[in-house]
Amino acid sequence: MSENVVVVDARGSFCPGPLMELISKIKSVPVGTEIHVLSTDKGSAKDIPAWIKKVGHEYLGTEEKEGYWVIKVKKTK
Amino acid sequence: MATHVVIAGGGTAGSIIANLLARGLHREIQNGEVIIKVIDKEEKHMYQPALLYVVFDRFREDEMFKDMRDLLNPSIIFIHDEIEEFDFNANVVRTKSGKNVEYDYLVIATGSNPRADLIEGLNEHGDIFYTLEGAKKLREKLRKFEGGRVVVSVAAPHKCPVAPLEITFMLDEYFRAKGIRDKVELHYTYPIGRVHALEAVANWAVPEFEKRDIKYETLFNMEKVEGKDGSGVIHSMEGFEKEFDLLIAIPPHKGTDALINSGIQDGWVPTDRHLLKAEGHENVYVCGDTTNLPISKAGSTAHFEADVVAENLIAEIKEGHPARDYDGKVMCFIETGFSSATYVWFNYTTPPDPVPPSKMIHWLKLGYNRVYWLTARGIL
């Protein structure tokens, strides 16, 4: 994993939830940082790309692991 | 040599832990084997959930504070000072007045702070009820408010995740009681794709919003606020705008500056989700809002975590090992107006399932507002 990857482990989070965790984190990392959100909530695999598209960051893809998803995002602005 | 336990912060988490330790370790404290210290910059402990009621004139200021020295067991040493820095290598907490408070065990319970300054123009044009000063200012504005567009706008991350919904429902009832609801457009914005973080709460709230003619917008994150003569416009990160005549904002929060100064990003301490120890520091526990855990920053979270931290510290000091894990438990009352409420509870593995709102739950909440002091004393 490269040095400028930040992992947000939101597994088991009902409140505030994975997207809220991502929104909180993305404000405090430098442009260019890749953020990997770990989520056990299937809905986040749809919600997070939708928000990323709306705000204009880069969605890098979603990987399904055993019992959770890794949603990858790059901060672009 | 005595074992020194230092608790940074005398809020909900810090007070509960200190008082539980004083009881669980009373023999060791009497014998001089254990010394417990609490450091806080405030001399009075505030019951923060009362702020919501202050806005509507339903809680008196002198009922929401207790002197820290009265709240803490007399065997606890209270240090009234502001923490400047945590030196985790030297096991020392440095204070603004120049004290070096050494510890064998540290509990970080320094909470979170609303930071309106992180959004351009928000301090100048928004009202924030998460502080006493802000709640009182909003109360005065509401008294004079005769109509227009009121926007409740929520930023992330923030503490007390249900307060924005509660104030919105209360505003609806307040304006109806004042006879001006038809002159008020009530709007609510939320950062993610539904009206509340908890899906079950969001599903319940949407028909309530529609029934009460409360407009809502999701995927809306405040980026900048512009205003003139009380009115203004919010610009969102998503590229949208929303005009207002009164903006009630829940600003983004950060941890304490002392942690940020000590190299902890945003002041959220990386924490083991079960043991509640700071990652990489065997003798440091973290409790309440200041953890980086993906759970609600709320008094009830602090309460349930504090029970685990206190029990583990007592077991470590007496027997050399922690005793149990935190399971992520959170329980929140949700006021749905001035005469009904519901509640949710959940943990890391069990999703919430709110019950239908009732008067009984509202009365329980009002009762809890008065017996909170038993919680802070480690009794309830």
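This is a predicted model: local features need pLDDT of at least 70, side-chain atom pairs count only at pLDDT 80 or more; totals for chains, interfaces and linings use all residues.

A disulfide requires the two sulfur atoms to be within 2.5 Å. By this rule, zero disulfides are counted over all chains. B:Cys160 is likewise in no disulfide, and the nearest cysteine sulfur to its own is that of B:Cys332.

| Residue | Relative accessible area | Class |
|---|---|---|
| B:Cys160 | 29% | partly exposed |
| B:Cys332 | 11% | buried |
| B:Gly24 | 23% | partly exposed |

B:Cys332 is classed as buried because its 11% falls under the 20% limit.

**Helices H1 and H10**

Helix H1 of chain B, residues 12-24, packs against helix H10 of chain B, residues 299-319, at an angle of about 30 degrees. The two axes are 8 Å apart, and the crossing of H1(B) with H10(B) is right-handed. On the H1(B) side the contact is made by B:Thr12, B:Ala13, B:Ile16, B:Ile17, B:Leu20, B:Leu21 and B:Gly24. The residues they meet in H10(B) include B:Ala302, B:His303, B:Ala306, B:Asp307, B:Leu313, B:Ile314 and B:Lys318. By type, the residues of this contact comprise 11 nonpolar, four polar and two charged.

B:Gly24 lies in helix H1 of chain B. Beyond its neighbours within four places in sequence, B:Gly24 contacts B:Ile314 and B:Lys318. The C-alpha atoms of B:Gly24 and B:Lys318 are 9.8 Å apart, although 294 residues separate the two in sequence. B:Gly24 is partly exposed because its relative accessibility is 23%, between the limits of 20% and 50%.

**Helix H8**

Helix H8 of chain B runs over residues 199-211, 13 residues in total. From first C-alpha to last, H8(B) reaches 19 Å, close to the 18 Å expected at 1.5 Å a residue. Its buried residues are B:Val201, B:Ala202, B:Trp204, B:Ala205, B:Glu208 and B:Phe209. Among the elements of chain B that cover these residues are helix H7 (163-178) and strands S12 (184-189), S13 (214-217), S20 (330-335) and S21 (341-346). Just after H8(B), B:Asp213 adopts a positive phi of about 55 degrees.

Conventions
Residues are numbered from 1 along each chain as its sequence is written. Chains are lettered from A and ligands numbered from 1 in the order in which they are written. Side-chain values use heavy atoms; hydrogens and water are left out. Helices (H or I, at least four residues) and strands (E, at least two) are DSSP runs, numbered from the N terminus. The expected span of a helix is 1.5 Å times one less than its number of residues. Buried means under 20% relative accessible area, exposed over 50%, partly exposed in between (1.4 Å probe, protein chains only). Contact means heavy atoms within 4.5 Å. Axes are lines fitted to C-alpha atoms, for helices over the stretch in contact, and angles run from 0 to 180 degrees between N-to-C directions. A crossing is left-handed if the near helix is turned anticlockwise from the far one by less than a right angle, and right-handed if clockwise. Ala, Val, Leu, Ile, Met, Phe, Trp, Tyr, Cys and Pro count as nonpolar, Asp, Glu, Lys and Arg as charged, and the others, Gly among them, as polar.
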